[in-house]
Protein chains: 2
Amino acid sequence: MTPSSRSPDELPVAALLAPDILALLDESPETIATEVEELHPADLADVAELLPEERLAAFLSALPRARAADVLEYMNEDARTVLFEALPAEIAAQLIEHMTPDDRADVLDELDEDRADEILEEMDDDKAEETEQLLRFESDEAGGLMTTEYISVEETLSVEAALEEVRAAARSGRREAMYAVYTRDAQGRLSGVLSLRELLAAPPGAKVLDNAWTEVVRVLPTADREEVARAASDYDLIAVPVVSESGHLMGVVTVDDVIDAIHEEQTEDVQKLGGMEALDEPYMSIGFVDMIKKRVGWLSVLFIGSLFTATVIGYFQEELSRADILTVFIPLIISSGGNSGSQATSLIIRAMALGEISPRDWWRVARREFQFGLTLGVLLGILGFARVAVWEWFGWAAVASSHPALIALTIGVSVLGVVTFGSMVGSMLPFLLRRLGLDPASASAPFVATLVDVTGLVIYFMVALAVLSGTVL
Amino acid sequence: MTPSSRSPDELPVAALLAPDILALLDESPETIATEVEELHPADLADVAELLPEERLAAFLSALPRARAADVLEYMNEDARTVLFEALPAEIAAQLIEHMTPDDRADVLDELDEDRADEILEEMDDDKAEETEQLLRFESDEAGGLMTTEYISVEETLSVEAALEEVRAAARSGRREAMYAVYTRDAQGRLSGVLSLRELLAAPPGAKVLDNAWTEVVRVLPTADREEVARAASDYDLIAVPVVSESGHLMGVVTVDDVIDAIHEEQTEDVQKLGGMEALDEPYMSIGFVDMIKKRVGWLSVLFIGSLFTATVIGYFQEELSRADILTVFIPLIISSGGNSGSQATSLIIRAMALGEISPRDWWRVARREFQFGLTLGVLLGILGFARVAVWEWFGWAAVASSHPALIALTIGVSVLGVVTFGSMVGSMLPFLLRRLGLDPASASAPFVATLVDVTGLVIYFMVALAVLSGTVL
């Protein structure tokens, strides 16, 4: 039962193991624990997800409780919820007690409230109370991400004594985040931090505070997961301490949860950028109705927005019937604006997410995007002018025009105007949404395109009226 | 010089400190090191970036070399490159020697080759050679991300002896990644891993291998950064070991570099999704010409693609002049397809990036998206039908039609067809690009929209011909 390789790109270990595990469950369940002893819990979680639902409880029961809890931490929410709904409350409580405090809260958060209460009843009082406190925070804020088991020592302790506390904690079987050791002052407030490496390197007799960093990067429990992720990534932290207003350490967010938070935040941003609500579930496992709900809302809003294009065209119908060549270029003109707008909005949303630009920068961004838009507009405008002029010159045009040069000029100038306008709308919309307290990532490519479609048509027809009045129109 | 708070959301510490530092540089540079002793190097890097270029070298010289090297690791590439071009090669070499091996390679990689060689000449031979080896890897693969300073012990060692090696390494002032301790067999191949926590918890007399995990998640030096990030995130690793084909440990990618890699990968994906090349530089610092180059390529391709819409409309010009009401709804119809396509492509690209779906899943995805597209198309089609029917009914329509019901039907059916088609194109294009060996993220929202614009018009006019032939047309 030794998979040949663990490279994540090759055939999943789990698919190879699941049939063996099923066989062992029938024949000699007591041997399972030793057979899979060396496997990473993440791989065992994959195996567990492949087993039939009714065998899952048997498989986890065949493992030592602490090991089963490890596996559960890596399982996907759906499978885990099914299991915890089915298990006797007492066993569920035992498994949950073996998890880290943040995972305990996550698991219970996924269950029905009644079921969660049943399980909490069966848990050790201290752990139950601690878990209930964590459950009060939103799952996407620091308080909801943190674990409450960390190492904190009195700042007056010696390095040797602090190290002894760390070793004792490691041996206790508790699941402390221990790569950062925090110090607290006489009032119990966070006063410093040192990495386990720094503690190991410090002279044994020295006071721990003298070897600690006293300027500790920290977040409040209400900080958004984006802020937590930024603190971890700007300062290369392995754990981000969560501190109350009064300066007391409440917990730490460990780097694995930071990475999960970054992934979730990014998934949300990409989905919003695509013009829909965030799924909050994997693509392959979301239900049909849920998927439609997440997509139909924005599609309908955009559709209704797009109806204004019909109004605009209806308004200019007389001009269009006099110069039907104008019709031919409608999609070209408006999609140029949508495309440049999509570029601008993606750039700004991403730069905002990375903290490269802040709301105060709107004016600098507006000036930059105006210049970019104008330059791109000139280049595309020349392309548009050339296309019309060349086609007319060679007589390839489907719709002949009496004033080919003027038509080409109309197209060129309209493209210039629409592309510039698209860049401006695309770059300013995220700032506007943020100002209104909304998520800037909602300034999706389709949203920008729709805004630019309607205004782009107006620009196009105004340019046409200005250039063609008295000749074609 | 103690900033009141370090929360990353408040006014940057750096802006407050930079003027003080400048004053101290003039008055008493020897006091700077102690004044900023407690600050995180990330904050000092921000200060350094705010100083005038010509004072930067003086500031870093006022710090101990190891501390200055720390600060340099957090500085942005541009400022760092300017500095390293200007410093005497000898001092540059000293600073670089104090960095971790992966950062050494990063810094030299950013310099002119001649300048990098000059600095390598001045470096300690061992370190220079090691750095040159790292420079051979691409900066976005495991070999280019890894550091070569890690802790590896012989597997037959006792836990106590292994711990002694860790403490010695911590005290040596070298910069090993030490939260994971690797064991090697008699042939020097990677045989196991245990976390520093597990080493601290293990019984002192036991053999280290007996306390290690022998199934070690690993990557090859040529693995893409996406694969490294996935290994770290699937298995909650603090360091990902990079192992040669023969099984020898070559280095480790630490979690801070994993987070940076995730951010860079995501930035690339969002920018490509927006319909442009990845910038590879922060939005605010990229040069004007570079920005135009990154944007104009795709815009031109899309513009030229869009020209086919003119061809299609030209082809159906006769029908349009007979039923000019059809013109009114052109933008509405084609943007519905673009919007549903944008949703589908964002969903699939993100699910691919997360490893939720693999190329083998294309058929399942196609079937799902066909169903989603059809459902969304029916809903929007009804909306479109209703809009036209109601407007005609109340006589609000700008362009009166002799057969309002048939026009409404044409719009409804066209929207249904275009939305379904958009979902299919948007979801299948990433698979197709991947199959062709291209980045699936290049299936941008504007790319999909342009494809759907052209085909959407064809669908629209075919539906119109089928429904309206003999009456309006």
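Through which surface do the copies, chain B and chain A, meet? They meet through the same surface, because 100% of the interface residues of chain B are also interface residues in chain A. The structure is a predicted model, in which local features need pLDDT of at least 70, side-chain atom pairs count only at pLDDT 80 or more, and totals for chains, interfaces and linings use all residues. Residues are numbered from 1 along each chain as its sequence is written, and chains are lettered from A and ligands numbered from 1 in the order in which they are written.

**Figure 1. Chain A as a whole.** Chain A has 22 helices and five strands; these are DSSP runs numbered from the N terminus, helices (H or I) of at least four residues and strands (E) of at least two. Chain A is more spread out than a compact globule, because its radius of gyration is 31 Å, well over the 23 Å that the globule rule gives for 473 residues. The radius is taken over C-alpha atoms, and the rule is 2.2 Å times the number of residues to the power 0.38. Along the principal axes, the C-alpha atoms of chain A fill a box of roughly 90 × 60 × 45 Å. Chain A is divided into domain 1 (13-137), domain 2 (150-254) and domain 3 (288-468), with bounds from an automatic or database domain assignment. The C-alpha centres of domain 2 and domain 3 of chain A lie 52 Å apart.

**Figure 2. The contact of chain A and chain B.** The contact takes 106 residues from chain B and 106 residues from chain A; two residues are in contact if their C-beta atoms, placed from the backbone, lie within 7 Å. On the side of chain B that touches chain A, helix H19 (residues 330-353) of chain B gives the largest share, 16 residues. That side of chain B divides into 59 nonpolar, 28 polar and 19 charged residues. Here Ala, Val, Leu, Ile, Met, Phe, Trp, Tyr, Cys and Pro count as nonpolar, Asp, Glu, Lys and Arg as charged, and the others, Gly among them, as polar.

**Figure 3. Helix H9 (residues 113-122) of chain A.** The buried residues of this helix are A:Ala116, A:Ile119 and A:Leu120. They lie on the same side of H9(A), because they cover an arc of only 105 degrees around the axis; the arc is that of the directions from the helix axis to the C-beta atoms. The face turned away from the buried side of H9(A) carries the exposed residues A:Asp114 and A:Glu121. A residue is buried if 20 or more other C-beta atoms lie within 10 Å of its own, exposed if 12 or fewer, and partly exposed in between, with C-beta atoms placed from the backbone. The cover over the buried residues of H9(A) includes helix H7 (89-97), helix H8 (101-110) and helix H10 (125-135) of chain A.

**Figure 4. B:Phe385 and its contacts.** B:Phe385 is placed in helix H20 (residues 362-394) of chain B. B:Phe385 counts as buried, with 20 C-beta neighbours inside 10 Å. Not counting residues up to four places away in sequence, B:Phe385 touches B:Ala408, B:Leu409, B:Ile411 and B:Gly412.
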